[in-house]
Amino acid sequence: MSTIIQIGYVPGDTFVHRLDPRTKFSLFLWSSIFNYVFYDLYISLASLIPLVLLSFIGKVGKQIFKIIALVVIPLFAFTTLLLGMLIPYGFPQNKTSLLIFNVLGREVVWYLEGTVYGAVWSLRLAITMCGALLFYLTSHPGRITSVLLKSRIPYKYVYVLIAVFQFIPIMLSEVQTIYQAQLSRGLNVNVGLFKRLKNFFVLMIPLTLGSINRIQLRSIALESRGFSAPVRKSIILESDLTKSDYLTMATMAGLTALFIYLIMTIGLVPFMKGIEYVHPGG
Amino acid sequence: MSKESKPLPPSGATILMIVLIPAIAALNYVTSAIVTITKIPAFLDTWATSFGTLVAGLYVGAAGGFLYNIVMALTLWGLPSWPWGFINVYIAVMTWFFDRIGWMDIKKPLKVIAGGLIIGFLNTFACTLVSYVFFGLLPTWANAYGMATYSIALGATGNMFIASWFSSLSVELYDKTIAQFIAVLIASAVPKRFILKKS
């Protein structure tokens, strides 16, 4: 099975792991929002670099890089080809040619505006994915639960959110077992599209029916342990803000002030010379 | 009974529904993974939303579907993907509606297909809107088929709105139809004692 689907909390004792989940979640939201506000490759790159560094400090850099490479690099390559080169009239803002070359006797122009548009949107996606994965891969589910309960969110809502992260690895493990069992019963995986769809049923029906049985068992177990009892729930892992959290938040606050200053004085494209702000779709 | 004591909330079916919500989200997630592995040119990650609606009612299906997108936004897809959750809510509402009028019945496969086609067609407009706001109308489906349909439409019209809509249309019609069919088929195999929705 592909490694992309086997992600989950990566245990560790790094600086990033020790940060409170609230700080990491704030970092994720903050970096995502500002990258969607600015239309500037330099700002996007400057935001991505610290996130990548943090992911390597947290020893989750490889996992994050794999996922980003799978999603963002093909998108960037495709948009550069489509908006910047092959179909110049496809992107309305194209006017500055970077390069002109011949392909099979046909003149191809590589445009700046389309390439920048594709790069900015691809980087936006990379930054938000990196921030999200940094939060998810380095935050212990117990600490997330603790933070959510401290925020006075009702326990049943907290349970619903946290249970997904428990269910996913269980179901992935089960689907692998079903897959191996079906393979041993002669399931052919190197087949055409319709057979592949049929194979999908072969995997999903036992998985779903098995899951329903387990849901019933789990609900009985929850009830027997006082899930709906009107008492205060105990927390296994406490999570408190430390000096590192305050330092990270202070850095974000300082940069927010700088970004607001840049927006008010220069605009939404502060560093890219000769490029105008482009609305979605050109 | 003293004044401080509180009545116990209803349990049983309610807890079963609470546990079913994350299970729906996880089933959508596993589907997304299987589709990636088997290279099926579709999403299919809404079938569990429809299944949850058919088995446990609108709120459970919608909550499970929305939760799936929140989880994906917090893990693999990144923040901009959370609005896809509204698509899952829309699918839950449409499934509930078609179920109420008797179209979501495995004994009436043509009606299931018609329901899937309607859901898929209407969904293309919502997808284009989400793509405009969060993805700059770039193709949101990073595979050869999705990119090819997007390129053809953009090359023919020069309009990114139309390219994005056409790219959605080329997949949503059959994707949602298959997803509805899977949901109805599996829901029909579920023992009656597990059906939690109010008829």
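This is a predicted model: local features need pLDDT of at least 70, side-chain atom pairs count only at pLDDT 80 or more; totals for chains, interfaces and linings use all residues.
Where does helix 7 of chain A bend, and by about how many degrees?

View 1. Helix 7 bends by about 25 degrees, and the bend falls at A:A163. Its 30 residues should span 44 Å at 1.5 Å a residue, and this agrees with the 43 Å between its end C-alpha atoms. Just after helix 7, A:G186 has a positive phi of about 100 degrees.

**View 2. Buried residues of helix 7 of chain A and their packing partners.** The residue at the bend, A:A163, is one of the buried residues of this helix. Within chain A, the buried residues pack against helix 8. In chain B, they pack against helix 1 (13–38) and helix 3 (58–74).

**View 3. The contact between chains A and B.** Chain A contributes 59 residues to the contact and chain B contributes 52 residues. On the side of chain A that touches chain B, at least two residues come from each of helix 2 (21–37), helix 4 (61–86), helix 5 (112–138), helix 7 (155–184) and helix 8 (193–224). Helix 8 gives the largest share, 18 residues. By class, this side of chain A has 42 nonpolar, 13 polar and 4 charged residues.

**View 4. Helix 9 (residues 243–265) of chain A.** The number of buried residues is 1 out of 23, so helix 9 lies largely in the open. At 1.5 Å a residue, helix 9 should span 33 Å, and its end C-alpha atoms are 33 Å apart, which agrees. After helix 9 comes A:G267, with a positive phi near 120 degrees.

How values were computed
Residues are numbered from 1 along each chain as its sequence is written. Chains are lettered from A and ligands numbered from 1 in the order in which they are written. Two residues are in contact if their C-beta atoms, placed from the backbone, lie within 7 Å. Helices (H or I, at least four residues) and strands (E, at least two) are DSSP runs, numbered from the N terminus. Ala, Val, Leu, Ile, Met, Phe, Trp, Tyr, Cys and Pro count as nonpolar, Asp, Glu, Lys and Arg as charged, and the others, Gly among them, as polar. The expected span of a helix is 1.5 Å times one less than its number of residues. A residue is buried if 20 or more other C-beta atoms lie within 10 Å of its own, exposed if 12 or fewer, and partly exposed in between; C-beta atoms are placed from the backbone. The bend at a residue is the angle between axes fitted to the seven residues ending there and the seven starting there.
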